[in-house]
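The following paragraphs lead through a protein model, taking its strands, its helices and a selected loop residue in turn. Please keep the sequence and the coordinates in view while reading.

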Amino acid sequence: MKTIVDISIVPLGVGLSLSSYIAACEEVFEEADLKTHMHASGTNVEGEWDQVMAAVKRCFERVHSMGAPRISASMRLSTRTDQDHSLEHKVESVRQKLEPR
């Protein structure tokens, strides 16, 4: 089953700069050959459910291995059975509605 996930991972107990931890998660998603779109408050991840969930787990493991004693995360998931959906399709659907009438 294909899913689109919006995930925000916040390592705690590692200081104020989190970019190296976020970069490590981006590498995990890339290694898993998942489509991603990083934004200011998290990352959108697209792929097969099991592949995405396994990568999320590896992301947590990687961040903990970097010294983060605690991780707080929020994740929203989307699936559809009526049609194939993608990150691009969701954005394009809204853009079309914004076009002048």
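A residue is called buried when its relative accessible area is under 20%, exposed when it is over 50%, and partly exposed in between, with a 1.4 Å probe and protein chains only. The model is predicted: local features need pLDDT of at least 70 and side-chain atom pairs count only at pLDDT 80 or more, whereas totals for chains, interfaces and linings use all residues. Residues are numbered from 1 along each chain as its sequence is written, and side-chain values use heavy atoms, with hydrogens and water left out.

The link joins distant parts of the chain, since cysteine 25 belongs to helix α1 (residues 19–31) and cysteine 59, 34 residues apart from it, to helix α2 (residues 49–65). Helices (H or I, at least four residues) and strands (E, at least two) are DSSP runs, numbered from the N terminus. The structure holds one disulfide, and the link of cysteine 25 and cysteine 59 is right-handed, with 75° about the S-S bond.

How do the two helices that carry these cysteines meet? The axes of α1 and α2 lie 9 Å apart, and the helices pack at an angle of about 145°; axes are lines fitted to C-alpha atoms, for helices over the stretch in contact, and angles run from 0 to 180 degrees between N-to-C directions. Contact means heavy atoms within 4.5 Å. On the α1 side the residues include Tyr21, Cys25 and Phe29, and on the α2 side Ala55, Cys59 and Val63 are among them.

The strands can be considered next. Strand β1 (residues 2–12) pairs with strand β3 (residues 42–48) in the antiparallel sense over six bridges, where pairing requires at least two bridges found by DSSP between two strands. Isoleucine 4 has glutamate 46 of β3 as its bridge partner. β1 also pairs with β4 in the antiparallel sense, over nine bridges, and there methionine 75 is the bridge partner of isoleucine 7.

Histidine 85 lies in the loop between β4 (70–78) and α3 (87–98). This histidine is buried, with a relative accessible area of 3%. Apart from neighbours within four places in sequence, histidine 85 is in contact with Lys2, Ile4, Glu46, Ser78, Thr79, Arg80 and Lys90. Two of these residues, Ile4 and Glu46, are the bridge partners already described.

Key: Disulfide = S-S within 2.5 Å.
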